[in-house]
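Reader: I'd like to get from the labels to the numbers behind them. Could you take me through this one term by term?

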Amino acid sequence: LDHLCYRVETQEQYEALKSHLLEENELLVESPINGRRIATFQMAKPFRFREREIWLLELPEPKAGSPYPEGWEHVEFVTDRPLEAFAEWMVEHLGVEAEDIDRSGMGKPLNADLRLRLEGGLSVKFHELALDVVILMELAAT
């Protein structure tokens, strides 16, 4: 479990939450992606889920014309195999229907992804690289 994503509804909420998060956490990067900024924070204290510690939080700025209610939107996992093999594994071993796997992110040049859409606007994404590694790669390229 690599990171969590929390969405806000308005520009004002984005700025307020970003400011609040900056009080105790480190902003790794704030980058324009698909027409809006996404801030990624290294948390001072991790979120905990069972035995896992999740250190990264993604905060996307609201995108014009794509309203989201405030709250948790997705989680992302790093796979232990190439994405196509992981998709096959989900179908064969987890009973996921092949057509339920969104492959539209497979063509991304850096850190392609698979997505499973869940009820209520939630989703789970799968990548081959951890987000902090991707950020380091992007920063090194600039």
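Reader: What makes you call strand 8 mostly covered?

Author: Five of its five residues, 123-127, are buried. Buried means under 20% relative accessible area, exposed means over 50%, and partly exposed is in between, with a 1.4 Å probe and protein chains only. Strands here are DSSP runs of E with at least two residues, helices are runs of H or I with at least four, and both are numbered from the N terminus. This is a predicted model, where local features need pLDDT of at least 70 and side-chain atom pairs count only at pLDDT 80 or more, while totals for chains, interfaces and linings use all residues. Residues are numbered from 1 along each chain as its sequence is written, and side-chain values use heavy atoms, leaving out hydrogens and water.

Reader: Which residues of strand 8 show that both faces are covered?

Author: Ser123, Lys125 and His127 on one side, and Val124 and Phe126 on the other, are all buried.

Reader: What are the partners of strand 8, and how do they run?

Author: Two strands pair if DSSP finds at least two bridges between them. Strand 5 (residues 71-78) is joined to strand 8 by five bridges and runs parallel to it, with His74 opposite Ser123. Strand 7 (residues 113-117) also has five bridges to strand 8, but that pair is antiparallel, and there Leu114 sits opposite Phe126. Strands 7 and 8 form a hairpin with five residues between them, and Gly120 in the turn has a positive phi of about 75°. As for what holds such pairs, strands of a sheet pair through backbone hydrogen bonds, either parallel or antiparallel.

Reader: Why are strand 2 and strand 6 said to stand at the edges?

Author: The open sheet has eight strands in the order 2-3-4-1-5-8-7-6, with mixed pairing. Strand 2 and strand 6 each have a single partner strand, so one side of each is left without a neighbour in the sheet.

Reader: Why is the pair Phe77 and Phe126 called stacked?

Author: Rings of Phe, Tyr and Trp (its six-membered ring) pair if their centres lie within 6.5 Å; planes under 30 degrees apart count as stacked, over 60 as edge-to-face and the rest as tilted. By this rule the count comes to five aromatic pairs. In one of them, the rings of Phe47 and Trp72 have centres 5.7 Å apart and planes at 90°, so this pair is edge-to-face. Phe47 belongs to strand 3 and Trp72 to strand 5, 25 residues apart. Phe47, at 26%, and Trp72, at 47%, are both partly exposed. For Phe77 and Phe126 the values are 5.9 Å centre to centre and 25° between the planes, which is stacked. Phe77 is in strand 5 and Phe126 in strand 8, so the pair ties together parts 49 residues apart in sequence. Ring pairs also link Phe77, Phe86, Trp89 and Phe126 into a cluster.

Reader: How do you know that the buried residues of helix 3 are on the same side?

Author: The buried residues of helix 3 (residues 131-141) are Leu131, Val134 and Ile135. They cover an arc of only 100° around the axis, which puts them on the same side; the arc is that of the directions from the helix axis to the C-beta atoms. The face turned away carries exposed Leu136 and Ala140.

Reader: What covers those buried residues of helix 3?

Author: The cover includes strand 1 (3-7), strand 2 (26-33), strand 3 (36-49) and strand 4 (52-60). Thr40, in strand 3, has Leu131 and Ile135 among its contacts beyond four places in sequence, where contact means heavy atoms within 4.5 Å.

Reader: Buried or exposed: what is Thr40?

Author: Buried, with a relative accessible area of 3%.
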